[in-house]
Amino acid sequence: MRRLLGAVAIAAMAWTTPAAFAETPKDTLVMANAIDDIITLDPAEIFEFSGAEYAGNTYDRLIGYEIEDVSKIYGVAAESWSISDDGKTYTFKMRPGIKFISGNPLTAEDAAFSLQRAIILDKSPAFILTQFGFTPENVKDKIRATDDSTLVIETDQAYAPTFLLYCLTATISSVVDKKEVMAHEQDGDLGHKWLRTNFAGSSTFKLRQWKANEVLVLDRNDDYWGELPAMKRVVIRHIAEPATQRLLLEKGDIDIARKLGADQLAGLEGNADIRARQGEKGAVYYLGLSQKNEFLSKPQVRQALKYLVDYKGIEQTIMKGKATVHQAFLPKGFLGALTETPFSLDVEKAKALLAEAGLADGFSLTMDTRNTAEITEMAQSIQSTFAQAGIKLEIIPGDGKQTLTKYRARNHDIYIGRWGPDYQDPHTNADTFARNPDNSDDAKSKPLAWRNSWDIPAMTKQADAAVLERDAAKRAEMYLALQREHQQVSPFVVMLQDIEVIAERANTKGFIIGPAFDDNRYHKVTKD
Amino acid sequence: MTNGSHNAATGEVNSTRFRLPQPVKVVLGLVTTLGLTFLGLLVVTFFIGRVVPIDPVLAAVGDHASASAYEKAKIELGLHLPLWQQFLVYVKNVAVGDFGESVLTANPVIDDIKRVFPATLELASMGTIFGVVLGIPMGVIAAVHKGRWPDQLVRVFGLLGYSVPVFWLGLVGLLLFYAKLDWVAGPGRLDIAYEYLVDPVTGMLLVDSLIAGEIDVFFNAFSHIALPAIILGYFSLAYISRMTRSFMLEQLSQEYIITARVKGLSETRIIWRHALGNVMVPLVTVIALSYANLLEGSVLTEIVFAWPGLGQYITNSLLQADMNAVLGGTVVVGSVFISLNLLSDILYRLLDPRAK
C-alpha cells in the first residue's frame with residue numbers, strides 16, 4: 001500500500017517537467033490569433049479576415065495604397081499606369097525584376113492570367129472584378145498582356161478611376177505565378193484545387209505550412225525584390241480562447257496576441273512588458289430594420305429608433321476601445337466618409353416621434369442576434385433603451401450562420417449586424433447600403449437594402465451616378481450628400497466602427513495595423 | 001450496440017441441418033451489427049445536418065458572394081439535387097472510403113481526421129491512464145475504509161472532479177502550473193522551437209518523438225500534454241473511483257472473502273488480489289466507456305489548451321454547416337464506441353472464465 005502511494009507520488013512529480021523555452025526565437029514572430037476562418041489560400045477565393053491577411057503578406061498586387069492615407073495610390077507589381085481619354089482603357093507598365101518563389105519572372109502575362117482566372121473561377125469575391133463588365137466569356141479580350149511588360153484592362157463604362165484602382169488593390173487581384181499554377185491544373189480548374197492549400201506568389205513572405213484550425217507558418221522570401229523583412233519566420237497559432245492568448249502573451253510564449261477581449265485588455269493595463277496598439281478598421285455595426293414590418297416601415301419609427309441606442313454607453317462599456325461611435329455607412333478613412341454623429345440616446349424625442357406615428361402605447365419587435373459575447377451585450381443594451389420608450393424587444397439568439405440565413409431570407413424584424421467593406425473604394429458600401437436595383441423576392445443579388453425590403457429607385461440612381469464621377473472632389477461631395485440623406489431616412493441604424501486592437505510584447509515592434517484586413521503587415525516587424 | 005452483437009452472436013439457430021461454425025456466426029453477427037449501426041449513424045447525422053436552419057452554401061461562400069458564385073458553389077456541393085439523391089451519393093462515396101472534402105479546411109475529410117484524431121487519441125489515452133492509475137486505488141481505499149476519513153476524502157475529491165467545469169479547471173490549472181509555477185508548458189502541443197524536428201508517423205507526438213529518438217521533443221511534448229491530460233483524466237478518475245468503490249463494497253461482503261479471512265490470508269492479498277481481481281471484470285466496461293467519452297474529443301479542454309483535436313474539429317464544422325466534415329467525424333466517433341465496446345467484450349471473456 002505504502003509502496004503504491006510512493007509510486008503515484010513519483011509519477012505525479014514526473015509530470016512536472018519544467019517548460020524549456022519561455023522566449024520565442026529572436027528571428028521568429030509568434031502570434032496568437034483565431035484563424036479558423038481561413039478556408040482557402042487561393043487569392044481568387046480568399047474572402048476571410050485571416051485569409052486576406054495571409055495574402056497581403058505573401059502576394060504582390062499591381063498597385064497598393066499608403067496605410068496612413070489611402071488616397072495615395074502607388075505601383076507595386078505595376079510601375080506606372082495611364083488611362084485613356086474615354087476613361088475605359090487602363091494600361092499598366094510592369095515593374096521589371098520581380099520573381100515568384102518558383103524562380104519564374106513576374107510578367108504582364110501573369111497579371112492578366114490572375115485577373116482572368118479570378119473571373120472564370122467565379123468564387124465569392126469575384127464580383128469585385130465582374131462589376132467592371134468582365135465575364136468568363138469576354139475577359140480574355142478585356143484583360144490582356146500586349147507584351148511581357150504591358151497589361152491592358154478595358155472596362156465597360158467610364159468609371160471613377162479610383163474605383164478600378166482600389167479594386168486592383170483587393171486580395172482577389174493578387175498576382176499568381178501562371179506557369180506554376182497551370183502546372184498543377186486538374187480537370188480545367190486553373191490550378192484552384194492545388195492553390196487552395198499551396199502558394200505561388202512573390203511578396204515578402206512565403207507559405208511554409210497551413211494546418212487548418214491549428215497553425216499558419218510563413219517563411220521570409222529571401223528573393224523578395226524589395227527590402228527584406230527582419231523576421232525569418234512568422235508563426236500564427238490558432239488560439240480560440242482569449243484568456244489563453246493572454247496567458248501565453250504574459251508568459252512570453254507569443255509576441256503578439258490578436259484576439260483579446262475588452263476584459264483581457266483591461267487586465268493587461270499596467271503590465272510594463274506588454275503594449276496595446278490599435279487601428280481603425282472598416283467594419284461597421286448596424287441594425288437592419290425590415291420594411292416588411294408594419295411598425296418599422298413608418299418613417300417616424302425608424303427615426304425614433306435612431307434616438308433609442310446608447311451609442312456612447314456601448315462604445316465605453318461593452319466595446320471598451322474596440323469600436324468607436326460612427327453613424328454613416330461609409331467608414332472613416334474612405335473617400336467621402338461622413339463623420340457627423342447627429343444621433344444620441346434621447347428617449348423624450350423618440351417618444352414624441354412614436355406618438356406622431358400613432359404608437360405612443362408602444363409595440364413589440366424581435367431582433368435576431370448572433371450569440372457572440374459582444375453582439376449579445378449590445379443587443380441587451382438596445383433592448384433596455386428601447387423599453388424606455390415602450391418598445392418591447394425580444395432578442396432571438398442564434399449562431400452567426402443561422403441568423404444570417406434568416407436575414408437573407410428576409411424573415412427578421414431587426415437584425416443586428418456587422419458589415420466589412422470588400423475593397424477600399426466608397427462604392428463597396430454604397431452598393432449594399434444604398435442600392436437596391438430589384439426589390440422582388442426572387443432578386444438575384446441580396447444587398448443589405450434588399451434584405452430590409454427597402455425599395456429606393458432614386459437613391460440607387462444617385463449611387464450609380466457617384467461611381468461614374470471621375471472628379472474625385474465632386475465624387476466625395478456626392479457620397480457626403482448620399483450619406484446625409486441615408487443617415488436620416490434609411491432603415492439602418494449605423495452605430496459603431498470597428499477598431500482592431502493588438503497586444504504585443506515590449507520588445508516586438510513594427511507590426512502594421514492597416515485599415516483593411518489585408519493591410520496588416522509583418523515585413524517591418526523587429527524584435528530586440 | 002454491444003447487446004446487439006451479443007444476441008446475434010449467441011442467438012439460437014433452430015435448424016439442425018445447417019449449423020454454421022461458431023466463429024463464422026460471431027463474425028457474421030458482428031458485421032451485420034456494425035453495418036446497421038453505421039447506416040443508422042449516417043442516416044441520422046445526414047438528415048439532422050440537412051434540417052438545421054443554416055444554409056450550407058451560404059456557409060461555404062460567405063455573405064458577400066454574388067448570385068452566380070452562390071449558384072456555382074451550390075452545384076459543386078451537390079446541394080441542387082433532391083435530398084434522397086444527395087444521401088445516396090453520400091452513402092455510395094462513403095462505401096468506398098470517400099468522405100468528401102471539407103469546405104473549411106480545403107482538404108479531404110479523411111486527411112483532416114488523420115491529423116486531428118491522433119491528437120485526441122494521445123490526450124485521451126494519457127487522461128485515461130491517469131484516471132485508471134489513480135482512480136482504481138482510490139476506489140479500493142475508499143471501499144476498505146468505508147465511512148471513515150479516507151472514504152470521505154476520496155468522495156470529496158471525486159465530486160470536485162465531477163462537478164467543477166472543465167473550462168474553469170483548465171484555465172485555473174494554466175494560471176497556476178504554467179503561468180505562476182512554471183511546472184508545465186503552455187497551451188498547444190509543442191514549443192515553437194521544437195516544431196518540425198519530428199516527422200509525423202502516428203501523429204502522436206509522444207510516440208513519434210520516441211521513434212525519431214528525439215528525447216528533448218518527447219519531454220517537451222510531455223510537458224505540454226501533462227496538464228490537459230490530468231484535467232481530462234480527473235473527470236474519468238472521479239467516475240472510475242466511484243465505480244470501483246461500489247464494486248469493491250459488493251465483493252467485500254461476499255462469502256468467499258470471509259472464507260479467505262478465516263483461512264488466514266493477509267488482508268492485502270484479499271483486497272488487492274481476490275476482491276479487486278473480481279472487480280476488474282465490470283470495471284473494464286466502465287473504463288472503456290470513459291475512454292470512449294474522452295476520445296470523442298473534449299471541446300472545452302481542447303479550446304482552452306489550443307489542442308487541435310477531434311472535438312474542436314467537429315464543433316467548428318457543425319457551426320459552419322460543413323456537413324462532410326461533421327459526418328466524417330461522427331462516423332469516427334461511432335467507430336470508436338463500437339470498437340471499444342467490442343474490445344471490452346473480448347477482455348470480459350478473457351478476464352471472466354464463466355463468460356464463454
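How many bridges join strand 5 of chain A to strand 7 of chain A, and do these strands run parallel or antiparallel? The two strands run antiparallel and are joined by 5 bridges. This briefing concerns a predicted model, in which 52 residues of chain A are in contact with 55 residues of chain B.

**Chain A overall**

- The secondary structure of chain A consists of 19 helices and 19 strands.
- Chain A has a radius of gyration of 25 Å, which agrees with the value near 24 Å that a compact globule of 528 residues would have.
- The C-alpha trace of chain A spans about 85 × 70 × 40 Å along its principal axes.
- Of the 528 residues in chain A, 52% count as buried.
- Among the contacts in chain A between residues at least 6 apart in sequence, 69% join residues at least 24 apart.

**An antiparallel sheet in chain A**

- An open sheet of 4 strands in chain A has the order 4-5-7-6, with antiparallel pairing.
- Strand 4 (78–83) and strand 6 of chain A are the edge strands, each pairing on one side only.
- On average, neighbouring strands of this sheet are turned by 25° against each other, direction ignored.
- Strand 5 of chain A covers residues 89–94, and A:Lys93 stands opposite A:Thr150 in strand 7 of chain A.
- Helix 3 (residues 108–121) of chain A packs on the sheet and touches strand 5, strand 6 and strand 7 of chain A. The direction of helix 3 makes about 170° with that of strand 6 of chain A.
- Strand 6 (residues 143–147) and strand 7 (residues 150–154) of chain A run antiparallel and are joined by 4 bridges.
- A:Arg144 has A:Val152, in strand 7 of chain A, as its bridge partner.
- A hairpin links strand 6 of chain A to strand 7 of chain A through 2 residues.

**Domains of chain A**

- The domain assignment divides chain A into domain 1 (21–58 + 203–273 + 506–528), domain 2 (60–178) and domain 3 (281–500).
- The C-alpha centres of domain 1 and domain 2 of chain A are 28 Å apart.
- The contact between these two domains involves 17 residues from domain 1 of chain A and 17 residues from domain 2 of chain A.
- The side of domain 1 of chain A that touches domain 2 of chain A comprises 9 nonpolar, 3 polar and 5 charged residues.

**Contact between chains A and B**

- The contact brings together 52 residues of chain A and 55 residues of chain B.
- Elements of chain A that give two or more residues to the side touching chain B include helix 1 (2–14), strand 1 (28–33) and helix 15 (400–408).
- Helix 9 of chain A gives the most to this side, with 6 residues.
- By class, the side of chain A that touches chain B has 22 nonpolar, 14 polar and 16 charged residues.

**Domains of chain B**

- Chain B is assigned domain 1 (2–95) and domain 2 (109–351).
- The C-alpha centres of these two domains of chain B lie 30 Å apart.
- Their contact takes 13 residues from domain 1 of chain B and 12 residues from domain 2 of chain B.
- On the side of domain 1 of chain B that touches domain 2 of chain B, helix 2 (22–51) and helix 3 (56–61) of chain B each supply at least two residues.
- Helix 2 of chain B provides the largest share of that side, 8 residues.
- This side of domain 1 of chain B has 9 nonpolar, 4 polar and no charged residues.

Note on methods:
Residues numbered from 1 in each chain as written. Chains lettered and ligands numbered in written order. Predicted model: local features only at pLDDT ≥ 70, side-chain atom pairs only at ≥ 80, totals over all residues. Domains from an automatic or database assignment. Contact = placed C-beta atoms within 7 Å. Nonpolar A, V, L, I, M, F, W, Y, C, P; charged D, E, K, R; others polar. Pairing = 2+ DSSP bridges. Rg over C-alpha atoms; globule rule 2.2 N^0.38 Å. Buried ≥ 20, exposed ≤ 12 C-beta atoms within 10 Å, placed from the backbone. Axes fitted to C-alpha atoms, helices over the stretch in contact; angles between N-to-C directions.
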